[in-house]
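This report describes the surroundings of two ligands and a few local features of a protein chain. The sequence and the structure come first.

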Amino acid sequence: MTATDTPPSAAPERRWGNGYELTKQEKRFIAGHVYVAVLALTVGSLFGPLQSFEYSGIDLYGLLDPVIKSYYQGLSLHGVLNALVWTTFFIVGFTTLAVIKGLGRPLSHPKLNLAGFWVMVAGLLMAAVPLLTNTATVLYTFYAPLKANWAFYLGLVLVVVGSWISGWGFMLTLAAWRKDHPGERSPFIAMAGVVNAAMWQVATLGVAVSILTMLLPWTLGLTDGTDPKLSRTYFWFTGHPLVYFWLLPAYLSWYGMLPKQAGGKLFSDSLARFSFWMFFIVSVPVGFHHQFTDPGVPQAWKFIHALLTYSVFFPSLLTAFTVIASLEYGARKRGGTGLVGWIRALPWSDPSVTAQLLAAILFLFGGVSGLTNASYNLNLVVHNTAWVPGHFHLTVATAVTLSFIGICYWMVPYLTGKALWRPKVALFQAWSWFVGMIIFSNAMHMLGLLGAPRRTPLGEAPYTPDSWDGHLMRVSIGGAILLVSVLTFTTIIWKTARGPAVAPELVPEVPIAESLRDPQQTPEWLDRFKPWLIGAVVLLVIAYGPQLVDQILHMSLNAPGPDFTPW
Ligand code: HAS
Ligand code: CU
């Protein structure tokens, strides 16, 4: 029998690792990542609502003094803990599971992955000290010449290096699997996890170089100043692909797991892989779309990055098509009918599914605001306004975060051998996130269009016109609903993890969606790193090379010297 006449559904189940059961140690290791992530999300999310309350004039920061000194210290904690820590720890933990379960074998170098985890924890603790003592009040983008204590930068470097080390562990495990399975397509969920880890290694070179060559020497007093333009360019070299590093694990679940949870199959293994490779090559060379208003970056380069940004839009359109087709297939098998009536037949009573569906629905709108941002002339209207946090609360704070929450609803029971605590409360949690975020982000988008600046305590600002009041109030209402929602999530995870062990048949399995067609029929070029790696490097050199060389040659370290502190 040849690969092409394999019956469509027979082989994949076996090949995609369902037979391998994780050891207790492996489960504990992954759960460790998830607990750190949830703790970061919980603490970080306490500050978001404080900012939103401030918008309508309720300033609770005064109550937190002397622990938290200002709106900006709270905003820095919120951004770093939610956008950087919650995501990175969750992603590394979830990818570990996807690699092990997808390949159906243990990690090839478990000590390497263990080291990766502890390096990340050490980095987190190191960065936490200056953040909590108000010496790293530089927001999550740490734009120079805002200056933090050296421990903040070194801590971030360690978190990144730890995630690299874990990534090497994933790559070596995939390589070992390939050696044992010549000619076989690698299982999608494992490959998707490794593609994201590989993209991350390239993407983070920007901040690594920035911190090690500019920011650390500057904050240690070894240089007289810094170059804000170059450090922003380095930052966005990493900062844009960072958003896809967050998004791709959610896509991994939407393509490779959610269809199974919805009773269906992955509609197209080839399209799924193709979209991951597209992200691999076009995620990085688009960073100037965050610098459209930066002086000193020539128009031509902004234009090239704007064009490339439109090409990174494309794999998300592919994803919308493929994931909706996979869901429709499942819903129709469950008895759904009608042009859109099948949507009702999706398992809306399952909080894990509902959370991810609601996340994906809001992402349709997040995608639209992304497209707006990417249009150079529209960007001039919305840049640095409340529109931008409106955009990223639909993307990272909903598409990604609510998906990760949905994943937790089967993963934490799976890892701990416990039953999910009160699934109905979990359903309420998912819907409250959805409703809270609609109110919050719609008001933020509106405020942005009216010209309200981002990163500003608007409650205190003397210039806010009356026409903003209703929107400012809706920001606070949305923030209050989100506070209830995030605390509900933490309670569910806490109660689940501490609940009694249940019979093994009551513990959920890792949902791994079969592909509609045997993945062995997917063309081989969609399962090879080499051509895509070459493509990524070539595109990167073209899109960034000339500007980086120019900016480095003209670097001037003259922005505020050693004693500059803005807070
Ligand atoms: Fe963005 C700014 C452009 C996506 C995050 N973005 C930000 C910032 C963050 C962020 C954090 O061009 C602020 C950074 C800062 O602090 O300054 N963004 C884009 C574009 C996309 C995009 C073109 N962003 C994201 C994602 C993020 C994210 C994803 C986080 C995870 N963004 C920009 C630009 C700026 C920017 C400029 C700079 C703004 C400025 O001036 O400062 C695209 O990738 C979006 C593509 C998305 C789609 C949607 C596809 C929809 C899908 C859902 C299908 C639905 C289903 C549901 C399956 C085309 C896949 C079915 C349900 C049933 C019930 C049937
Ligand atoms: Cu971007």
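## Basis

Helices here are DSSP runs of H or I with at least four residues, numbered from the N terminus. By that rule L50 falls in helix α2, which covers residues 24-55. The model is predicted, and local features are reported for pLDDT of at least 70.

## Shell around ligand 1

Ligand 1 has 37 residues around it, of which Y140, Y244, H383, H391 and R454 come nearest. By class, the shell holds 25 nonpolar residues, eleven polar ones and one charged residue.

Four helices each contribute at least two residues to this shell: α9 (228-256), α12 (299-333), α13 (351-374) and α15 (387-416). Helix α13 supplies the largest share, with eight residues.

A polar side-chain atom of R454 is 2.7 Å from an oxygen atom of the ligand. A nitrogen atom of ligand 1 lies 3.0 Å from a side-chain N or O atom of H391. The backbone takes part as well: a polar backbone atom of A374 is 3.2 Å from an oxygen atom of ligand 1.

## The iron atom and the copper ion

Which residue donates to the iron atom of ligand 1? The only protein donor is H391, through NE2, at 2.2 Å. H391 belongs to helix α15.

The copper ion (ligand 2) has three histidines as protein donors: H240 through ND1, and H289 and H290 through NE2, at 1.9 to 2.1 Å. Along the sequence these donors follow the spacing H-x48-H-H. The copper ion and the iron atom of ligand 1 are separated by 4.6 Å.

Are H289 and H290 buried or partly exposed? H289 has a relative accessibility of 11%, so it counts as buried, the limit being under 20%. H290 has a relative accessible area of 22% and is therefore partly exposed.

S369 sits in helix α13. With 3% relative accessibility, S369 counts as buried.

The side chain of S369 makes a polar contact of 2.9 Å with the side chain of H391, the protein donor of the iron atom. The S369 side chain also reaches the backbone oxygen of G366, at 3.1 Å. Leaving out residues up to four places away in sequence, S369 touches W387, H391 and H445.

## Helix α6

The N-terminal end of α6 is capped by N149, with a side-chain oxygen of N149 at 2.8 Å from the backbone nitrogen of A151.

Apart from residues up to four places away in sequence, L50 touches L60, Y61 and L64. L50 and Y71 are 21 residues apart in sequence, while their C-alpha atoms are 8.4 Å apart in space.

Note on methods
Residues numbered from 1 in each chain as written. Chains lettered and ligands numbered in written order. Predicted model: local features only at pLDDT ≥ 70, side-chain atom pairs only at ≥ 80, totals over all residues. Heavy atoms only, no water. Near = heavy atom within 4 Å. Polar contact = N/O pair within 3.5 Å; in protein donor to acceptor, adjacent residues only side chain to side chain. Nonpolar A, V, L, I, M, F, W, Y, C, P; charged D, E, K, R; others polar. Donors = N, O, S within 2.8 Å, 3.2 Å for Na, K, Ca; no water. Buried < 20%, exposed > 50% of the residue type's maximum accessible area, 1.4 Å probe, protein only. Contact = heavy atoms within 4.5 Å.
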